[in-house]
Amino acid sequence: MAGVDPGGTHSIGEIASGLAGDIQDLVKGELALARAEIDQKLHGVIIAAISIVGGALVAFAGLVVVLEGGAAVLAFWLPAWASLLIVGLVIVLIGGLIARGGLAKLSLKAVTPERTIATAQKDARMLKEHT
């Protein structure tokens, strides 16, 4: 109720109109905050998805190493099958850890607009107290 003079007399209609305008502004502000917060959280989800894809590609590279024999260096000391298995398992483990890190970032809590919920609850309490 920005234009209301506290010392002046106003009709109920003017006061109700001012209050309705203030509530409308409050709701618009809350919606804008929610959208901004969800956009920010969505960006984090996209980054996590990229990490998952990256982890999957690294794990696939581990499979290629196992199949192609990139562990030929270890074959000097171990049988070829053992060296291929060891190197392949290490690469698959690294890829799995990268993918797991991405999955951890994809929880529903990561995309919950917590600030918006908190301010909406505060505004609702304030409205209840003043009505």
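Mentor: Helices, of at least four residues, and strands, of at least two, are DSSP runs numbered from the N terminus. Please keep in mind that this model is predicted.

Trainee: How many helices and strands are there in the protein chain?

Mentor: The protein chain has three helices and zero strands. Along the sequence, the pattern reads α-α-α.

Trainee: Where does Val73 lie?

Mentor: Val73 is in the loop that links α1 (12-68) to α2 (80-104).

Trainee: Why is Val73 called exposed?

Mentor: The term exposed requires a relative accessible area over 50%. Val73 has 53%, and therefore Val73 is exposed.

Trainee: What makes Val73 part of a nonpolar patch on the surface?

Mentor: A patch takes residues with over 30% relative accessible area and no salt bridge, and nonpolar side chains are joined within 5 Å. Val73, at 53%, passes that accessibility cut-off. The patch also includes Phe76, Trp77, Leu78, Ile86, Val90, Ile94 and Ile98, and its residues together have about 820 Å² of accessible area.

Trainee: What share of the protein chain is buried?

Mentor: Buried means under 20% relative accessible area, and 13% of the 131 residues are buried. The protein chain exposes about 9500 Å², of which carbon and sulfur atoms supply 73%.

Trainee: In which helix is confidence lowest, and in which is it highest?

Mentor: Confidence is lowest in helix α3 (residues 114-130), with a mean of 77, and highest in α2, with 85. For the protein chain, the mean pLDDT is 79, and 85% of the residues reach 70 or more.

Notes. Residues are numbered from 1 along each chain as its sequence is written. This is a predicted model: local features need pLDDT of at least 70, side-chain atom pairs count only at pLDDT 80 or more; totals for chains, interfaces and linings use all residues. Side-chain values use heavy atoms; hydrogens and water are left out. Patches are made of residues with over 30% relative accessible area and no salt bridge: like charges are joined within 9 Å, nonpolar side chains (Val, Leu, Ile, Met, Phe, Trp, Tyr) within 5 Å. Accessible areas come from the Shrake-Rupley method with a 1.4 Å probe; for residues, only the protein chains shown count as cover. A salt bridge is a side-chain nitrogen of Lys or Arg within 4 Å of a carboxyl oxygen of Asp or Glu. Buried means under 20% relative accessible area, exposed over 50%, partly exposed in between (1.4 Å probe, protein chains only). pLDDT is the predictor's confidence in each residue, from 0 to 100.
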